[in-house]
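User: Hi! I have a protein model open and I'm new to this. Could you walk me through it?

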Amino acid sequence: MNYDVIVIGSGPGGYVAAIRAAQLGMKTAIIEKYPTLGGTCLNVGCIPSKALLDSSEHFHNARHHFAEHGIDATVKLNLAQMIARKADVVKQNVSGIDFLMKKNKIEVLHGMASFVDEHSILVQGENENRTISGQHIIIATGSKPAVPPAFNYDKKRVITSTEALQIEKLPKRMIIIGGGVIGLELGSVFARLGTEVEVVEYLDRIIATMDQDLGKELQRVLKKLGIKFHLGHMVTSVQSSSKGVSVEVKKRDAETSFSLQADYCLVAIGRRPYTDGLTLDKAGLTTDDKGRIPVNEHLQTAKSHIYAIGDVIRGAMLAHKAEEEGVFAVETIAGQKPVIHYHLIPGVVYTWPEVAGVGSTEQECKEQGISIKTGKFPYKALGRARASMDTEGFVKIISDAQTDEVLGVHIIGARAADLIQEATAVMEFRGSAEDIARMSHPHPTYSEAMKEAALNVDGRSIHI
């Protein structure tokens, strides 16, 4: 069977690419090795983790804040039901992707894809094998958790995010290796439910890729939740038994070490590009020293008709980055001239409060010798935040000292994941802090913190 476009992988990058190709009139097939579509994001990543984050926040509020609202309630955790609700959310989203494939007349092939040559793909299904060919091929196979052999990953007591989303009995203690997005999100889920959580991070700060002020504030908030941090520490060994784990930890710049005991050890030190079984060499392709597929500015591989997107190429491993690249690749195939501003792809941490950032951090500006102005506004001075009892956090805006162009916006606070898009829109059009300050923001809303932070760039905030 011949296709205009074959997409390998049905995660956010893959299925979005397939839909856009179908919209542009291309005969399209999508290959998925697992029984359900949606990839890591929908099945064992973004969607299920956010479902549990919301559920755990409801539980935490019921235990600690309902009384202040005048709600007297007896609260009991039903973790099995929480996991069941998460599974139902996943099912609904996966079903939605199935519907979109049918609606757009995209042929879905389930099985393991491998290159036969640069235009042909062998799909090894459960019941049959098929070889198909495509004029253009898009590799969107995503990533898998990175787990060093020394950590003795057994999927039972030494786990990754995939297994953590399936735990049905609340652990008493959990050790998390890695102070990045995945570790802190899942750590906050279990901490809210009552688990004693300890985080071991090699660097001297958490969420190290984001603005340092965000990491400091998030660590302060998570400490109040009961999470303990061992920053500047490394894990030297992980041993598990049928009942728990023992994690050996040492300070990064010293020889002294100590052991941590827990029910589970969650390894969250990052993810690796997943190209296993693709037999890229048969298509004339290779990977770099980090396992990524090299691409040019048009997302073309060494073979110009083969594209690669998402987690298998350079850049942040974000679902929305993969989506943009999926559309970019297909529109390039169609002869259009799409554009992605990688610098303006926001990053989000879905703890509570949420954390979000876009553009340059203050540290990056200083390293590049850019003269800047900054403005901050705390949530505790926000009427809407007081009303909802979400007073932790702030909005920080960085602008060019000469032109006032907004160079970066960094938020920690309620609904930061949604607020950051205002900053992205302004920065896409190279707007200034003054532009944000002059816009009318509805009252009372969290978005007023954005306006006040913009006013504060020139020291004229109204409410502080």
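User: Great. What should I know before we start?
Analyst: This is a predicted model, where local features need pLDDT of at least 70 and side-chain atom pairs count only at pLDDT 80 or more, while totals for chains, interfaces and linings use all residues. Residues are numbered from 1 along each chain as its sequence is written, and side-chain values use heavy atoms, with hydrogens and water left out.

User: OK, what is the strand order in the open sheet of five strands?
Analyst: The order is β8-β15-β9-β10-β11, and the pairing is parallel. Helices (H or I, at least four residues) and strands (E, at least two) are DSSP runs, numbered from the N terminus. Two strands pair if DSSP finds at least two bridges between them.

User: Which are the edge strands?
Analyst: They are β8 (158-159) and β11 (228-231), each of which pairs on one side only. β8 is joined to β15 (residues 264-267) by two bridges, and these strands run parallel. Within that pairing, Ile-159 has Leu-266 of β15 as its bridge partner.

User: And how many bridges are there between β9 and β10?
Analyst: Five, again in the parallel sense. Ile-176 stands opposite Val-199 in β10. β10 is largely enclosed by the rest of the structure, because five of its six residues are buried. Buried means under 20% relative accessible area, exposed over 50%, and partly exposed in between (1.4 Å probe, protein chains only).

User: Switching topic: how many residues are in the largest nonpolar core?
Analyst: The largest one has 51 residues, and those with the most contacts inside it are Ile-31, Phe-115, Ile-121, Ile-138 and Ile-139. Its largest share, seven residues, comes from helix α1 (residues 12-23). A second, separate core of 36 residues includes Ile-83, Ile-167, Val-189 and Leu-222. A nonpolar core is a set of buried Ala, Val, Leu, Ile, Met, Phe, Trp, Tyr and Cys residues joined through side-chain atoms within 4.5 Å.

User: I clicked on Phe-59. Is it buried or exposed?
Analyst: Phe-59 counts as buried, at 10% relative accessibility. Phe-59 lies in helix α3 (residues 46-64). Not counting residues up to four places away in sequence, Phe-59 touches Val-75, Lys-76, Leu-77, Arg-192 and Leu-193; contact means heavy atoms within 4.5 Å. Phe-59 and Val-75 are 16 residues apart in sequence and 7.7 Å apart in space, C-alpha to C-alpha.

User: Last one: how many aromatic pairs turn up?
Analyst: A search of the whole structure finds one. Tyr-379 and Tyr-446 are stacked, at 6.1 Å centre to centre with 20° between the planes. Tyr-379 is in the loop between β20 (372-378) and α10 (383-388) and Tyr-446 in the loop between α12 (433-438) and α13 (448-456), so the pair ties together parts that are 67 residues apart in sequence. Rings of Phe, Tyr and Trp (its six-membered ring) pair if their centres lie within 6.5 Å; planes under 30 degrees apart count as stacked, over 60 as edge-to-face and the rest as tilted.
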